[in-house]
Each structure stands twice: as structure tokens, then as C-alpha cells.
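Please keep the viewer open as you read.

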Amino acid sequence: MSPMAKEVLTLFFLLLSFFSGEILKLADGQKTWCVAKPSSDETTLKQNLNYACSNVDCSILREGCPCFSPNNLMNHASISMNLYYQSKGRNPWNCHFGNSAIVVLTDPSYGSCIYA
């Protein structure tokens, strides 16, 4: 890697660190959640659901459990992605999922389905 490329990469990571810190400051003391972007395609949502559930316990999505309904891919993917995000420390990079997720400040819980 050339010295110029290294300098550009270093600058990029410094800027990324700064902006990530600013995002966290906005939410300082406020809980955040990770949900799927509505524009995400089904294939991506399935991949996200499978990836998240291979790393965290997604049993709340089973039939008869609090977060099973509505039984659709967007809902289940959002819940699993949030479980992953919460378990990894609520870092912005743990809610990227190939740019198919977003960190929100509004609690997405509904009925008896409580987002952790």
C-alpha cells in the first residue's frame, strides 16, 4: 500500500471515529435499537436473520412467543438484528448489516414484544 493510500485510510478512520462518537453523544444516556430498513430486500433480510440468530438466542421469535406475530420477514429480521446489536454493546458498526439496518432512538417494542 502506498504512503498516500495509508494517509487517506488513516484520515478516513479518524473521521469515522469522530462521527461515530458524535452519534453516540446524541444518544448519550438514551437507549438505541437496531431495526431493518424498510427498503431492504427479502434476500438480505433472510441473510441478516440467519446471521443474527446464529450468534444470539432468537427464541422470542418462535411460534407462541411474544415476538412471533406479526409473522413476517421484516419483523423477525428487525428483532434478530436488534438482539445482535444489543448483545454486541450497541455499537453503530453492529447495526450495519450491509447497510440494510438503521439505529433508531424510538423504542420499536409493541404489545408483549419488548425489544431488549
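Rings of Phe, Tyr and Trp (its six-membered ring) are taken as a pair if their centres lie within 6.5 Å. An angle under 30 degrees between the planes makes a pair stacked, an angle over 60 makes it edge-to-face, and the rest are tilted. In this predicted model, that rule gives a count of two aromatic pairs.

One of them joins Tyr84 and Phe97, with 5.6 Å from centre to centre and 70 degrees between the planes. Because planes over 60 degrees apart count as edge-to-face, this pair of Tyr84 and Phe97 is edge-to-face. Distant parts of the chain are linked here: Tyr84 belongs to helix α3 (residues 73-87), while Phe97 sits in the loop between α3 and β2 (101-104), 13 residues apart.

If you widen the view, ring pairs connect Tyr51, Tyr84 and Phe97 into a cluster.

Now look for Ser100, which also lies in the loop between α3 and β2. Its relative accessible area is 5%, so Ser100 is buried. What does the side chain of Ser100 make a polar contact with? The partner is the side chain of Asn48, at 2.7 Å. Leaving aside residues up to four places away in sequence, Ser100 touches Val35, Ala36, Lys37, Ser40, Thr44, Asn48 and Met81.

Terms used. Residues numbered from 1 in each chain as written. Predicted model: local features only at pLDDT ≥ 70, side-chain atom pairs only at ≥ 80, totals over all residues. Heavy atoms only, no water. Helix = DSSP H or I, 4+ residues; strand = E, 2+ residues; numbered from the N terminus. Buried < 20%, exposed > 50% of the residue type's maximum accessible area, 1.4 Å probe, protein only. Polar contact = N/O pair within 3.5 Å; in protein donor to acceptor, adjacent residues only side chain to side chain. Contact = heavy atoms within 4.5 Å.
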